[in-house]
Amino acid sequence: MEEQIYNFIVGKLQEIVELNKEEITRDMKLDVYPIGMSSYDIIQLFSDLEEFFSVRIPDEYLFINKIDDVVRTVNDLLKNEKKYQQRIDAVKDKLFEK
């Protein structure tokens with residue numbers, strides 16, 4: 001899943017800051033050269049990540065600006081959401097057993 005998240009971010013960066021895929025690495029920061037995104041663009045990127053991956057990124061994570069940290073954070077949130085959904089499904093199964 002991390003590779004999908006990374007590829008999504010790279011695609012967005014290509015649109016926003018017009019860098020080639022080969023110029024973007026996981027250790028780059030979103031808000032410094034050569035990317036240099038504005039705070040608005042970073043918030044938009046997080047919003048796009050939330051929408052595409054159906055995950056909620058809490059506001060306290062908006063300070064994360066290194067690409068690899070963003071990838072790992074979204075991946076961890078997705079894993080937690082999956083575990084939460086599995087617990088809900090298990091409770092539903094017990095409630096509605098016949």
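**Notes on the predicted model**

1. In this predicted model, Asp 68 and Arg 26 form a salt bridge in which the closest N and O atoms are 3.1 Å apart. The pair links distant parts of the chain, since Asp 68 belongs to helix H3 while Arg 26 sits in the loop between H1 and H2, and the two are 42 residues apart. Arg 26 is partly exposed, with a relative accessible area of 25%.

2. Arg 26 also forms a salt bridge with Glu 3, and here the closest N and O atoms are 3.4 Å apart. This pair, too, links distant parts of the chain, with Arg 26 in the loop between H1 and H2 and Glu 3 in helix H1, 23 residues apart. The relative accessible area of Glu 3 is 47%, so that residue is classed as partly exposed.

3. A further salt bridge joins the side chains of Arg 72 and Asp 68, at 3.2 Å from N to O. Both residues lie in helix H3, four residues apart, which is about one turn of the helix. Arg 72 has a relative accessibility of 37% and therefore counts as partly exposed. Through shared partners, salt bridges join Glu 3, Arg 26, Asp 68, Asp 69 and Arg 72 into one network, and the structure as a whole holds eight salt bridges.

4. Which residues touch the most other members of the largest nonpolar core? They are Ile 9, Leu 30, Leu 49, Ile 67 and Val 74, in a core of 26 residues. Helix H1 (2-17), helix H2 (39-53) and helix H3 (67-95) each supply at least two residues of this core. In soluble globular proteins, nonpolar side chains tend to be buried together.

5. Leu 49 deserves a separate entry for its contacts. Leaving aside neighbours within four places in sequence, Leu 49 is in contact with Ile 5, Phe 8, Ile 9, Ser 54, Val 55, Ile 57, Val 70 and Val 74.

6. Helix H1 has 16 residues and reaches 22 Å from its first C-alpha to its last, close to the 22 Å expected at 1.5 Å a residue.

7. H1 is followed by Glu 18, whose phi is positive, near 55 degrees. Glu 18 is placed in the loop between H1 and H2, and with a relative accessible area of 68% this residue is exposed. Ser 54 likewise has a positive phi in a residue other than glycine, near 50 degrees; Ser 54 is found in the loop between H2 and H3 and counts as exposed at 61% relative accessibility. Both values are worth a look during backbone checks, because most residues other than glycine have a negative phi, and most peptide bonds are trans.

8. The peptide bond from Tyr 33 to Pro 34 is cis, with omega near 10 degrees, and Pro 34 has its place in the loop between H1 and H2. Asn 20 lies in that loop as well and counts as partly exposed at 46% relative accessibility. Asn 20 and Val 10 are ten residues apart in sequence, and their C-alpha atoms are 8.8 Å apart in space.

9. Is Thr 73 buried or exposed? With a relative accessible area of 14%, Thr 73 is buried, and its place is in helix H3. Not counting residues up to four places away in sequence, Thr 73 touches Tyr 61 and Ile 64.

10. The last point concerns the surface. Val 91, Leu 95 and Phe 96 form a nonpolar patch there, with about 360 Å² of accessible area together. Val 91 is placed in helix H3 and, at 47% relative accessibility, counts as partly exposed.

Methods
Residues are numbered from 1 along each chain as its sequence is written. This is a predicted model: local features need pLDDT of at least 70, side-chain atom pairs count only at pLDDT 80 or more; totals for chains, interfaces and linings use all residues. Side-chain values use heavy atoms; hydrogens and water are left out. A nonpolar core is a set of buried Ala, Val, Leu, Ile, Met, Phe, Trp, Tyr and Cys residues joined through side-chain atoms within 4.5 Å. Buried means under 20% relative accessible area, exposed over 50%, partly exposed in between (1.4 Å probe, protein chains only). Contact means heavy atoms within 4.5 Å. A salt bridge is a side-chain nitrogen of Lys or Arg within 4 Å of a carboxyl oxygen of Asp or Glu. Patches are made of residues with over 30% relative accessible area and no salt bridge: like charges are joined within 9 Å, nonpolar side chains (Val, Leu, Ile, Met, Phe, Trp, Tyr) within 5 Å. Accessible areas come from the Shrake-Rupley method with a 1.4 Å probe; for residues, only the protein chains shown count as cover. The expected span of a helix is 1.5 Å times one less than its number of residues.
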